[in-house]
Amino acid sequence: MSGLLDLARREHLAGSRFTAIGGFSDVVLGYFHWQVKDYRKIPVDEQVEVLMLAGDIALKGEEPMVHAHVVVGKGDGTAHGGHLLEAHVRPTLEVILVESPTHLHRRFDEASGVALIKV
């Protein structure tokens, strides 16, 4: 996530979407707990295949914010997914990023407790 955020800052990305496939040596998924308004962390401490990673980059104020969800496959064939909180790429991650001409902006939504894209 920090690598995507660094890229977004360096390239001044604001209205972008991306997909990716590859592998992680480990990953921390998040499940949004509605009552608490925070993510429950789900660590997966083993090599996994990135079956699908999809997300967007939008502005929150003047800063880019990366929002991504991922489905990973374990060696036994089971899949796990959720919000991507943290991961370490191994051996590679092929990211396809497309920037939209209209920049996306996020605003804090009190009802949900998260920053949502304002259309």
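Biologist: Which backbone oxygen does the side chain of Arg106 reach at 2.8 Å?

Modeller: This is a predicted model. In it, Arg106 is found in strand β6, residues 105–109. At 2.8 Å, its side chain reaches the backbone oxygen of Ala115.

Biologist: With which side chain does the side chain of Arg106 make a polar contact?

Modeller: Not counting residues up to four places away in sequence, Arg106 touches several residues, among them Asp56, Lys60, Met65 and His67. The polar contact between side chains, at 2.8 Å, is with Asp56.

Biologist: Is Arg106 buried or exposed?

Modeller: The relative accessibility of Arg106 is 6%. Buried means under 20% relative accessible area. Arg106 therefore counts as buried.

Biologist: Over how many bridges do strands β1 and β5 pair?

Modeller: Strand β1 covers residues 16–33 and strand β5 covers residues 79–99. Val27 stands opposite Ala87 in β5. The pairing of β1 and β5 is antiparallel, and the number of bridges is 13.

Biologist: Which residue in the turn of the β4 and β5 hairpin has a positive phi?

Modeller: Strand β4, residues 63–73, pairs with β5 in the antiparallel sense over 5 bridges. Val72 stands opposite His80 in β5. The hairpin has 5 residues between its strands, and the residue in the turn with a positive phi, about 90°, is Gly77.

Key: Residues numbered from 1 in each chain as written. Predicted model: local features only at pLDDT ≥ 70, side-chain atom pairs only at ≥ 80, totals over all residues. Heavy atoms only, no water. Pairing = 2+ DSSP bridges. Helix = DSSP H or I, 4+ residues; strand = E, 2+ residues; numbered from the N terminus. Buried < 20%, exposed > 50% of the residue type's maximum accessible area, 1.4 Å probe, protein only. Polar contact = N/O pair within 3.5 Å; in protein donor to acceptor, adjacent residues only side chain to side chain. Contact = heavy atoms within 4.5 Å.
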